[in-house]
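Let's take a friendly walk through a protein model together.

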Amino acid sequence: MNSPRVARRLISVGGAKMVPAEFVAHDHAYRMLKFRLCREQEIWLEPINIPQHADALGLSRTPVREALFRLMGEGIMELAEAGGYRLFRPNARQLAELYIWSRHLMFAVVSQLRESEVVHAIHGLVERAEAGAHGAVLYGGLPVFRALADATGNGEMVRQVQNLGERMIVARLAEASHFNDIASEAKRLTKTADRRAKAGIKRKLSVYFERRLVKSDAISATISLL
């Protein structure tokens with residue numbers, strides 16, 4: 001049995017006890033794996049092979065496996081039908097619920113902002129995109145959602161918006177098969193007049209999510225084929 005002094009130095013992760021140094025190593029693996037899975041498009045539809053990812057990240061298999069458990073807990077990963085892991089693929093009900101929740105969350109985000117803050121957030125995003133800044137490329141509405149959430153200064157809203165974006169990676173790929181105007185749609189979201197900016201962005205968000213809700217069954221069917 002651990003002495004009281006030693007016990008206080010243990011950290012619980014997924015029910016397992018580890019010392020701080022081990023926790024740092026596992027947290028590092030989690031952050032590296034999450035970054036790779038969410039940013040490297042060529043692996044989005046591939047089954048997650050623990051040894052392969054461990055080798056690619058220069059890590060042992062145990063922290064990679066623990067990282068996958070954490071990502072499953074966040075709803076980003078799921079068990080694949082053939083075994084192993086894969087990025088979350090929502091079914092029709094889950095997808096519709098995610099669109100509804102995303103719309104509700106984004107309306108709440110915009111409600112927290114002043115008119116000038118909405119304008120500043122959108123203009124800043126456009127400037128970064130035009131400058132070719134990393135992460136500012138308009139991929140669907142996600143960068144717009146994140147820019148607005150960042151402008152609130154509310155860390156919980158930022159985390160919720162980011163998590164929804166990460167959970168919807170495969171769904172966004174499927175959406176591309178049903179909307180041939182995703183690039184122009186994203187640009188429309190960023191064309192916000194300085195006056196009544198909040199009303200304008202809410203109206204555009206409503207259209208954005210309604211289009212997807214109408215086609216959620218078809219998008220889900222496409223997801224099942226990916």
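At what angle do helix α5 and helix α12 pack, and how far apart are their axes? Keep in mind that this is a predicted model. Find α5 at residues 92–111 and α12 at residues 216–225: the two pack at an angle of about 125°, and their axes are 9 Å apart. Angles from 65 to 115 degrees count as roughly perpendicular and those over 145 as roughly antiparallel, and α5 and α12 are therefore oblique to each other. The crossing of α5 past α12 is right-handed.

Now zoom in on where these two helices touch. On the α5 side you will find A92, L95, A96 and Y99, and on the α12 side S216, D217, I219, S220 and I223. Sorted by type, the residues of this contact are 6 nonpolar, 2 polar and 1 charged.

Stay with α5 and look for another partner, helix α11, which covers residues 197–214. Here the axes come within 10 Å and cross at roughly 175°, which makes α5 roughly antiparallel to α11. Among the α5 residues in this contact are A96, Y99, I100 and R103, and α11 brings residues including K198, I201, L205 and F209. The residues of this contact divide into 10 nonpolar, 3 polar and 5 charged.

Next, step back to the whole chain. Its secondary structure comes to 12 helices and 4 strands, and 42% of its 226 residues are buried. Of the contacts with a separation of 6 or more, 66% are between residues 24 or more positions apart.

What might we expect of the inside? In soluble globular proteins, nonpolar side chains tend to be buried together. In this model, the largest nonpolar core has 58 residues, and M77 and L148 touch the most other members. The largest share of this core comes from α5, with 8 residues. Setting aside residues up to four places away in sequence, M77 touches L37, I48, L68, L71, M72, Y85, R86, L87 and F88.

Finally, is A147 buried or exposed? You can find A147 in helix α7, residues 142–152. Its relative accessibility is 8%, and buried means under 20%, so A147 counts as buried. Apart from its neighbours within four places in sequence, A147 is in contact with A121, L125 and R128. A147 and L125 are 22 residues apart in sequence, yet their C-alpha atoms are 6.7 Å apart in space.

Key. Residues are numbered from 1 along each chain as its sequence is written. This is a predicted model: local features need pLDDT of at least 70, side-chain atom pairs count only at pLDDT 80 or more; totals for chains, interfaces and linings use all residues. Side-chain values use heavy atoms; hydrogens and water are left out. Axes are lines fitted to C-alpha atoms, for helices over the stretch in contact, and angles run from 0 to 180 degrees between N-to-C directions. Angles under 35 degrees count as roughly parallel, over 145 as roughly antiparallel, 65 to 115 as roughly perpendicular and the rest as oblique. A crossing is left-handed if the near helix is turned anticlockwise from the far one by less than a right angle, and right-handed if clockwise. Contact means heavy atoms within 4.5 Å. Ala, Val, Leu, Ile, Met, Phe, Trp, Tyr, Cys and Pro count as nonpolar, Asp, Glu, Lys and Arg as charged, and the others, Gly among them, as polar. A nonpolar core is a set of buried Ala, Val, Leu, Ile, Met, Phe, Trp, Tyr and Cys residues joined through side-chain atoms within 4.5 Å. Buried means under 20% relative accessible area, exposed over 50%, partly exposed in between (1.4 Å probe, protein chains only).
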